[in-house]
Amino acid sequence: MSFDRKIKIAPSILSADFANFGQEIQAIEAQGADWVHVDVMDGHFVPNLTFGPPAVKAFRPHVKTVMDVHLMITPVDPYIDAYAEAGADILTAHVEAGPHTHRTLQAIRAAGMRAGVALNPGTPAEAVEHLLDLTDLVCVMTVNPGFGGQKFIDMTAKIRRLRQMIGDRPVHIEIDGGVDPKTAPLVVEAGADVLVAGSAVFKGGSVSNPGVYGENIRAIRNATQSVMA
Ligand SMILES: O=C(CO)[C@H](O)[C@H](O)COP(=O)(O)O
């Protein structure tokens, strides 16, 4: 897939109806989602548990766009092949998840996926500077990872620094946590191009009332228009 810097909205299915993932994924894509964001949590790196490779494999046939899998787990390396087999397009590991992120990103690419690296709010941009030639996406957490529906933490200075460090490289900056029509323009103005949003996309909608997802996605996208060059 070619690199494009247009704003992409990636709804996090952490806020979807857990009894109905297939239809939820189809509904958000029909309503304008650019990517589908899947939050994998292990109850160890973060204090919550969600999906493993079999669930991701079950989502795969429903995803027609890009399946963006965010691992909030440690260790990462023993599971890379399982997520490739499950059909992840992008696999993101946290820089805090182990001592050898450089090796992890190489292994993700070697398994045929695009490689992402995520930073917790307390981790400086410089922690990924040496990884920028090995990564396709830097995910800046704007909440402490583990749960949807948390309050946005302002990371705009870090986003600006990353955009400067990335320069001309084809590397996305993804923002994850507390993204809504108020916070989206702040992070886009700072240099982000992928916006993960859970609560702000799924609130008020359902598979039987999917138009609300469309309204919510458009509200986030439209809010970024004023800050786009
Ligand atoms: O990674 C996550 C939490 O660790 C979620 O993707 C993120 O919090 C999105 O949910 P919301 O938009 O409700 O904040």
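1. Leaving aside neighbours within four places in sequence, Asp39 is in contact with Ser12, Leu14, Thr50, His70 and Met72 (contact: C-beta atoms, placed from the backbone, within 7 Å). Please keep in mind that this is a predicted model, where local features need pLDDT of at least 70, side-chain atom pairs count only at pLDDT 80 or more, and totals for chains, interfaces and linings use all residues. Residues are numbered from 1 along each chain as its sequence is written.

2. Asp39 sits in strand E2 (residues 36–41), a strand being a DSSP run of at least two residues, numbered from the N terminus. Asp39 is buried, with 24 other C-beta atoms within 10 Å (buried: 20 or more other C-beta atoms within 10 Å of its own, all placed from the backbone).

3. The UniProt annotation "active site", from an unreviewed entry, covers Asp39 and Asp176; such annotations may be inferred rather than shown by experiment.

4. Beyond four places in sequence, the contacts of Asp176 are His70, Cys139, Met141, Thr142 and Val196.

5. Which residues come nearest to the ligand? Of the 22 residues around the ligand (C-beta atom, placed from the backbone, within 6 Å), they are Ser12, Pro145, Gly148, Gly198 and Ser199.

How values were computed
Helices (H or I, at least four residues) and strands (E, at least two) are DSSP runs, numbered from the N terminus. A residue is buried if 20 or more other C-beta atoms lie within 10 Å of its own, exposed if 12 or fewer, and partly exposed in between; C-beta atoms are placed from the backbone. Two residues are in contact if their C-beta atoms, placed from the backbone, lie within 7 Å.
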